[in-house]
Amino acid sequence: MTAKLPDGSALELGEGATGADAAAAIGPRLASDALAVKVDGELCDLSAPLPDGAEIEIVTPGSEPEALWLLRHDAAHVMATAVLDLWPGTKVSIGPPIEDGFYYDFEFPDGFRPSEADLERIEERMAAHIEADEPFERAEASADEAIERFGSEGQPYKVELIEDLKADEGVETVSLYRNGPFLDLCRGPHGPSTGRIKAFKLSSVAGAYWRGDEARQMLTRIYGTAFFSKRELEEHLERLAEARARDHRRLGPELGLFTLRPESPGMPFWLPQGTVLLRLIEGRVREQLAARGYVEIKTPQVLDEELWRRSGHWDNFREEMFFTEAAHRERGADRRFALKPMNCPGACLVYASERRSYRDLPLRLAEFGLVSRNEREGVLHGLLRVRAFTQDDGHVYCTPDQITEEVESICEAIDELYARFGFEQVRVELSTRPDKSIGSDEQWGRAESALREVLERQHRDYEVSPGEGTFYGPKIDFHITDALGRSWQCGTCQLDFQFPERFDLAYQGADNAEHRPVMIHRALLGSMERFVGILIEHHAGRFPVWLAPVQAVVLPVADRHGGYAAEVAAELAEAGVRCRVDARSESVGKKIHDAEVAKCPYMLVVGDREQDARAASVRSHEEGDLGQMAIGGLAAHLAAAAS
RNA sequence: GCCGGCGUAGCUCAGCUGGUAGAGCACUUCACUCGUAAUGAAGGGGUCCCCGGUUCGAAUCCGGGCGCCGGCUCCA
């Protein structure tokens, strides 16, 4: 028999040869490195016989991403093995590899819950199984035999999995993998043996519902990660440490940007410096609004409950809305109000506040709108998941013919804005019609092709997420990648045919008849609060000069230089530099220390020498001591750094 | 909401098995007037998250609540 190799050459093998045989035939080094084999693109065990004429590719530790996926899946099995060693009677469920690691969900006997300290014991047992280099052995069994077997071993989750496989997919034969004492139901494939796991670490214990269903049993999930080398594991742990060091929840309050208080969980308090930052960001957004024909509006925070029934939020969103407790007795009826969770109904009321002509369209309404959503307590996370946030929202009302042009303008606005913030890598995702949706096929077809047309015309790489659109229309989402390589969804552009219907919006056409406008919801940054959180972590709190709330701090060497320091500060402020004087009776060293900790970009030391020369000695946070500069030149230098 | 962990001064944290609280930073005052990452001294500051229980006695043990942290699609 023969196998085709990736370079196109053919490899002659004996009858019934396996992936391992193929690797051995190529070379001893490959044979010892081999983990698995890709047969016609499908990942298989090395021990599986190869079909004649297949295209094969030997998977080694260098094969991305399959190799790590395989290794971590192996590690999950080893962890389950260790857990069963330590706590016999534990019920096992599933243990897949995930991005950055793996997990396994268990139900421990007698309501036992392992603590973080128990993780070390599990790690020790895992190390023993890895040391023993136990092979992964594949076996097959009929579904009924396997049910019988796992049933008698007291493994109800495995039984349920097989029963569902039988019922849903008509599976009759299942595969089983053994490593050491542990036999698991598993589709595979696996690496040759446990010894391939050169470095691993268990990270945390968490609760997770059986099959992600809140109505079902809560299992104990143990997370971990594994690598082919200690070095890679260390690098991974360093990345985690770096992410912790950049945590905006720590840096934000430390830098005087915002604070979070128990009195209002999930609703940030913006401190003076943070408010400056918000204003600066808003300024960049307003540049785009001005350039693209938007008009800015403000709509009320609290609106009649009836409006939310009309908008559909009552049906789809009620659980996450805040309602006013007091009933307001007005015009003889009890009225209840709700805090707005979205800005669109308000924008629609603005649209409907006067008769619109086709000559008014497209009408582009922008709003920095504060929305409140009663998110479940457990999901709150610093600025990244909050209960009140400001959307840089916009609603464009246009004719169907204008959709393409409007979407194009929105995409360009997003590009330009992200570039201003230094985010060059932008991922674009097109989400199409979901199962549950409203509107005609014709509307959806036209909307989706309009979005596609814009993406194609702008030569963008984009992914399609079928069925991930909103129920009222397809959308394009924009994800930015931060300095740590993490991806954040920010901008969005959604077509909507529902709101104009529900709010009976109309415009008078050139034909003198009434027509229904199309509505586009769009946000460039998404949530201002969340974007600040992303910026803090992206820059590790060291904002570029143009974004730094305080760009320069003037440090008088002794009290007698206070007057001159104030003059310098005034002159810089005149030139548009955000600057402060540190007039405390402290040593220069102390003032520099504090300014460095505050991550202030420029420190301007002024003493006798500078006062005589009408100058300042400049120290940059990034570059250190830059020497003495005359005040006039200084303002120019800072202005240049800030652009 | 659910599972696990945590909650001591503004912040970071000590406080062994129950005997009514401590450090560093920050803050206030005083002295020092200083040249590129922390000058020194003194002082103020606590409902040990809240409510209940056990106990002669609770920051500590038990129950409930609140808040914070890590998770809760990943289908053998």
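The following legends describe close-up views of a predicted model.

**Figure 1. Packing of helices α13 and α14 in the predicted model.** Helix α13 spans residues 403-420, and helix α14 spans residues 441-457. The two helices pack with their axes 9 Å apart, at an angle of about 50°. On the α13 side, the contact is made by Ile403, Thr404, Val407, Glu408 and Cys411. Helix α14 contributes Ala450, Leu451, Glu453, Val454 and Arg457 to this contact. Divided by class, the contact between the helices comprises six nonpolar residues, one polar residue and three charged residues.

**Figure 2. The largest pocket and its lining.** This pocket holds about 890 Å³ of space. Its lining is formed by 34 residues, and those nearest the centre are Met342, Arg373, Phe389, Gln391 and Gln494. At least two lining residues are supplied by each of the helices α11 (313-317) and α15 (498-502). The strands β22 (388-398), β25 (475-481), β26 (487-496) and β29 (518-527) likewise each supply at least two. Strand β29 gives the most to the lining of the largest pocket, namely five residues. By class, 14 residues of this lining are polar, 11 are nonpolar and nine are charged.

**Figure 3. The second largest pocket and its lining.** The space in the second largest pocket amounts to about 690 Å³. It is lined by 25 residues, of which Leu165, Leu185, Cys186, Arg187 and Gly188 are the closest to its centre. Two or more lining residues come from each of the helices α3 (66-86) and α6 (156-169), and from each of the strands β9 (136-142), β10 (173-179) and β11 (182-185). Helix α6 gives the most to the lining of the second largest pocket, with four residues. The lining of this pocket consists of 11 nonpolar, seven polar and seven charged residues.

**Figure 4. The largest cavity and the residues around it.** Rolling a probe the size of a water molecule over the atoms shows where empty space is left. The structure holds one cavity of 30 Å³ or more, and about 30 Å³ of space lies in the largest cavity. The residues that line the largest cavity are Gln288, Arg292, Tyr294, Ser409, Ile410, Ala413, Arg522 and Leu524. Helix α13 and strand β29 each supply at least two residues of this lining. The largest share comes from α13, which provides three residues. In terms of class, four lining residues are nonpolar, two are polar and two are charged.

**Figure 5. The cis peptide bond between leucine 361 and proline 362.** Leucine 361 and proline 362 are joined by a cis peptide bond, for which omega is about -5°. Proline 362 is located in the loop that runs between helix α12 (344-351) and strand β21 (363-372).

Figure 6. Aspartate 40 is placed in the loop between strand β3 (36-39) and strand β4 (42-44).

Key:
Residues numbered from 1 in each chain as written. Chains lettered and ligands numbered in written order. Predicted model: local features only at pLDDT ≥ 70, side-chain atom pairs only at ≥ 80, totals over all residues. Heavy atoms only, no water. Axes fitted to C-alpha atoms, helices over the stretch in contact; angles between N-to-C directions. Contact = heavy atoms within 4.5 Å. Nonpolar A, V, L, I, M, F, W, Y, C, P; charged D, E, K, R; others polar. 1 Å grid on protein atoms, 1.4 Å probe; cavity = no way out; pocket = protein on both sides within 12 Å on 5 of 7 lines; lining within 4 Å. Points joined across faces, edges and corners; volume = space filled by probe spheres on them.
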